[in-house]
Amino acid sequence: MRTYDEVYRKSVEEPEAFWGAEAERLHWFKRWDRVLDDSKAPFTRWYPGGKTNLCYNALDRHVLAGRGDRPAVLWESPEAGGSRILTFRELYGEVNRFSAVLQGLGVNKGDRVLVYLPMVPEALTAVLACVRIGAVHSVVFAGFSVESLAHRIEDSGSRVVVCADGGLRKGKPIDLKGIVDRAIAQAQTRVERVIVLDRGVVPWAPVPGRDVRWDEAMAKVGDVEVPALPLDAADPSYILYTSGTTGKPKGVVRDTGGYMVALHTSMDLVYGCTPDDVYWSTSDIGWVVGHSYIIYGPLLYGIPTLVYEGTPDSPHPGIWWETIAKHRVSVLFSAPTAMRMLRKFPASWIEGHDLSSLRHVFLAGEPLDEPTYTWASETLKKPVIDHYWQTESGWPMITNHMGLRPLPVKPGSPTREAIGWKLDVVDERGEPVPRGQRGYLVAHPPLPPGALQTLWGDDERFVESYWKYFARHGKRFYFSGDYAIKDEDGYYWLLGRADEVINVAGHRMGTREVEEVISGHPGVAEVSAIGVDDEIKGQAIAAFVVLKKDVHDTPELHGEIVRLIRDSIGPIATPKVLRVVPRLPKTRSGKVMRRVLRAICEEKALGDLSTIEDGASVDEVRRALDELGGSAPAGR
């Protein structure tokens, strides 16, 4: 196998040669004039002059090469009690039909189509049909609130919405069509058509002259072929909204050619895939991971993608392992949060399932603490690879490359830069900090293929959000917004968001440092640490802990946790508030909502809760604080 150093060096020192060769592996209707145009930085353009199509490369290319009868989509739904397999040829047929449906409704190149579907095969059909005809898709997680959906409809200017009558979550129906109707009424833009996939989950009534039934529209067009439209490499493929703690959500814009090449390259070099693999990303298509590694990555590479409708612990905590055994999954991509959830249950839920097909387990989304890494590695007996990336990056920024000779693992670190990414850790002035010291994670331009091009309709905000932070010091970096350490071996250690750095009496520390120590207690399943206002120290630490099954909340346990922190970090890191809670408030994608914890502690407005998994978790945190005094010192 090639070494990481030789491949990485070429990717950053000779980017045009490296990415030019990678692009040659895919289909282009017209070859590019040059590989990279950075003349209007930071608006970097990859493969200018080239014409290609994401859908053609994900479907047509494989069908024409004689791979049409291979499985493309493996759908598994414990929620609906359904299972389905579509070959590349069958998916090709569905996508062509839906492309014709969209065209029949007047959708043209550049028009925006908002997709609000649960985890069903039709979601992939809708997305691929959009890029086939040059429409720009904007996928919204099925479950976002009326207000969140209305904003995304309005900001994107979507003319057509694709939705289902309803979704299912732990057996409970979610009225998606009702949410869509209210959002359209609220949005300050005109939606001309709504295509509704009727799953029989909730009753609904079509709006005359606007609503179209999916099945009827597909039957009407029949078997048809819609040629994939040759698109400029720089044409937008999709808009994906990412929420911050303040301000309206940002519509990240992805291009066509650069994104396609980056994902295809990552499938073998980063994820170590082979043509015989089965890939399962446990995310949702509403998030960037779902775009990149449920839809595009596996299909571009020509291997089956597993589409899963359900949660990790329902109908039982062994359902994921049962699914892996059933479909012979070889590469799994999940989140540390999911592993921490499953860690609460006895290992017997894993034992007994044939996981011999599973070769690699990748985790991303939040920092992977060492105790969770150790549990996953020892319990699954498979290589566990931590890696780091963002909605904005579109694919990994820091990782251990399984398609190259792997580097030694350091539990708690996602390893080193991904191919193409030139990263550094700098201080407030943009100067590199000494190895081993904390600082801000930045990327040197030009960003590699696949990274965001701009924000939808707001180039100025794109520059302001990602490129202005160090400009006053004459530095031009992409600002990741994260706090990190780069050690003596060049390994990166992520310490949390830069705005979650806790400054206690002048001592700066990342939330992850505190969480890592608390996670090391054998009775702790999950933890979230935040900084809260403190009159004396400026900020203090509040920590919320979820215990493993059959572990009890006692004064002794609190004392043990405090001693761990004092011994590992120092007395300065002793939490002002330490509470045990049944669960942490999380988004439906599994991320802990730290801003909500902070707002509860500081008795401030909670803000937008549209993405929260279970609102009861907020009341549980409040109750834990009230019972013992919100500002009481740590312990009992």
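**Entry 1**

I began at Ala543, which stands opposite Leu578 in strand 32. The model I am reading is a predicted one, and I keep that in mind for every contact noted here. Strand 31, residues 538-547, pairs with strand 32 in the parallel sense, and I find four bridges over that pairing. Stepping back, I see an open sheet of three strands in the order 30-31-32, with mixed pairing. Its edges are strand 30 (524-534) and strand 32 (577-580), each of which pairs on one side only. From one strand to the next the twist averages 15 degrees.

I then asked myself which helix lies across strand 30, strand 31 and strand 32. I noted helix 16, residues 555-568, which runs at about 130 degrees to strand 32.

**Entry 2: strand 26 and its partners**

I followed its pairing to strand 24 (residues 438-443), which runs antiparallel to strand 26 and is joined to it by five bridges. In this pairing I located Ala443 opposite Tyr478 of strand 26.

Strand 26 is also joined to strand 27 (residues 492-497), again by five bridges and in the antiparallel sense. Here I looked up Tyr483, whose bridge partner in strand 27 is Gly496. Strand 26 and strand 27 form a hairpin with five residues between them, and in the turn I noted Gly490, which has a positive phi of about 85 degrees.

**Entry 3: a salt bridge from the hairpin loop**

Asp487 lies in the loop between strand 26 and strand 27, whereas Lys410 lies in the loop between strand 21 (398-399) and strand 22 (416-417), so the pair ties together parts that are 77 residues apart in sequence. I recorded Asp487 as buried, with a relative accessible area of 12%, and Lys410 as partly exposed, with a relative accessible area of 22%.

**Entry 4: other salt bridges**

How many salt bridges are there by this rule? I noted a count of 37, and I looked up a few of them individually.

Arg97 forms one with Asp223, and their closest N and O atoms are 2.8 Å apart. Since Arg97 belongs to helix 4 (residues 88-104) and Asp223 to the loop between helix 8 (214-221) and strand 13 (231-232), the pair ties together parts that are 126 residues apart in sequence. I checked the accessibility of both ends: Arg97 counts as buried at 16% relative accessibility, whereas Asp223 counts as exposed at 74%.

Glu515 forms a salt bridge with Arg594, for which I noted 2.9 Å between the closest N and O atoms. This pair links distant parts of the chain, with Glu515 in helix 15 (residues 511-519) and Arg594 in helix 17 (residues 594-601), 79 residues apart. I find Glu515 buried, with a relative accessible area of 9%, and Arg594 buried as well, with a relative accessible area of 12%.

Last, I asked which residues are linked in a network of salt bridges. My note on this names Asp111, Arg159, Arg190 and Glu192.

Technical notes
Residues numbered from 1 in each chain as written. Predicted model: local features only at pLDDT ≥ 70, side-chain atom pairs only at ≥ 80, totals over all residues. Heavy atoms only, no water. Pairing = 2+ DSSP bridges. Helix = DSSP H or I, 4+ residues; strand = E, 2+ residues; numbered from the N terminus. Salt bridge = Lys/Arg side-chain N within 4 Å of Asp/Glu carboxyl O. Buried < 20%, exposed > 50% of the residue type's maximum accessible area, 1.4 Å probe, protein only. Axes fitted to C-alpha atoms, helices over the stretch in contact; angles between N-to-C directions. Contact = heavy atoms within 4.5 Å.
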